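Student: I have a structure open and want to learn how to read its features. Can we go through them one at a time?

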Amino acid sequence: MRSLKLKASMETPGLTREPKSDKLESPVVTKNGSKLFDEMKLRFLSFKKHKYMENLEHFENLAKGQAPKFMVIACADSRVCPSSILGFQPGEAFVVRNVANMVPSYESGPSETNAALEFAVNSLKVENILVIGHSCCGGIRALMSMHDDVETSSFIGSWVVVGMNARLRTKAAASNLSFDRQCRHCEKESVNCSLGNLLTYPWIEEKVRNGELSIHGGYYDFVDCTFEKWTLDYNASNWKEEGGKVATKNRTFWC
């Protein structure tokens, strides 16, 4: 049995009480020599002082409920946090992250991703869904490394097969390219396949058809720090046909 591996680089205070001191303490080395949680504590106290306390009314309103305009589906990769890259502030985006930012089809059955979709679209009434792919994606590299007869008994293999159509389209369109360039092609193709899979959810397709919801793709290249964004063109897409693809519009580059 072949195994797949990701090939990516390896007393509670009251809500309105301010930190006791403006001076941040130096990290204290714990018995095992780790400073990680001491540093995390300092970051939290800095957030509380400079973000929370200075925007107290905003955070008090968020405690009563949320009404984000965006749902973002991004990769779990530690290098591609959408809030850091795109500047989302608390309350602005409902975010789910998984390996290779994939969206399974409606017929695939329950997962944390479609549970989040259901809540974001039907309860929070988000107006935009943004699926963000990225450069050097370990999940896509695992997908592109699969053989056609691979056994998907591993958790990684069982998940990344969600993007099999993106792999097949990449092999058909870019077989003459190097493996690294094929992976890059698939990173974007996988986003478009996820946009198509979004339309398999009846309550998403209905809202998109009625103009109540827009679906977007994005691609973050952290090698040269550029971002590419596009929007699904519902009327021009033939996603319902076997082997059909989505059409896109309003493609822009931020660099």
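Student: Which residues of strand β2 are on the covered face, and which on the uncovered one?

Tutor: This is a predicted model, so keep that in mind throughout. The general idea: in a regular strand the side chains alternate between the two faces of the sheet. Now the case here. In β2 (residues 93–98), Phe94, Val96 and Asn98 make up the covered face. Ala93, Val95 and Arg97 make up the uncovered one.

Student: How many bridges join strand β1 to β2?

Tutor: Six, and the two strands run parallel. β1 spans residues 70–75.

Student: Now helices. How are two packed helices described?

Tutor: By the angle between their axes and the distance between the axes. Take α7 (residues 164–174) and α8 (residues 179–198). Their axes come within 8 Å and cross at roughly 135 degrees. Angles over 145 would count as roughly antiparallel. α7 and α8 are therefore oblique to each other. The crossing of α7 past α8 is right-handed.

Student: Next, aromatic rings. How many aromatic pairs are there?

Tutor: Nine. Start with phenylalanine 44 and phenylalanine 47: their ring centres are 6.5 Å apart and the planes stand at 40 degrees, so this pair is tilted. Planes under 30 degrees apart would be stacked, and over 60 edge-to-face.

Student: Where do phenylalanine 44 and phenylalanine 47 lie?

Tutor: Both are in helix α1 (residues 36–52). They are three residues apart, about one turn of the helix. Phenylalanine 44 is partly exposed, at 45% relative accessible area. Phenylalanine 47 is also partly exposed, because its relative accessibility is 32% and buried means under 20%.

Another tilted pair is tyrosine 201 with tryptophan 203, at 5.4 Å centre to centre and 55 degrees between the planes.

Student: Are tyrosine 201 and tryptophan 203 buried or exposed?

Tutor: Both are buried.

Student: Which residues form one aromatic cluster with Phe44?

Tutor: Phe47, Tyr52 and Phe59.

Student: Last one. Which ring does lysine 188 lie over?

Tutor: Look for the charged end above the face of a ring. Lysine 188 lies over tyrosine 219, 5.0 Å from the ring centre. Arginine 251 gives another case: its charged end sits over the ring of tryptophan 230, at 4.6 Å from the centre.

Technical notes: Residues are numbered from 1 along each chain as its sequence is written. This is a predicted model: local features need pLDDT of at least 70, side-chain atom pairs count only at pLDDT 80 or more; totals for chains, interfaces and linings use all residues. Side-chain values use heavy atoms; hydrogens and water are left out. Rings of Phe, Tyr and Trp (its six-membered ring) pair if their centres lie within 6.5 Å; planes under 30 degrees apart count as stacked, over 60 as edge-to-face and the rest as tilted. Helices (H or I, at least four residues) and strands (E, at least two) are DSSP runs, numbered from the N terminus. Buried means under 20% relative accessible area, exposed over 50%, partly exposed in between (1.4 Å probe, protein chains only). A charge sits over a ring if NZ of Lys or CZ of Arg is within 6 Å of the ring centre and within 35 degrees of the ring normal. Two strands pair if DSSP finds at least two bridges between them. Axes are lines fitted to C-alpha atoms, for helices over the stretch in contact, and angles run from 0 to 180 degrees between N-to-C directions. Angles under 35 degrees count as roughly parallel, over 145 as roughly antiparallel, 65 to 115 as roughly perpendicular and the rest as oblique. A crossing is left-handed if the near helix is turned anticlockwise from the far one by less than a right angle, and right-handed if clockwise.
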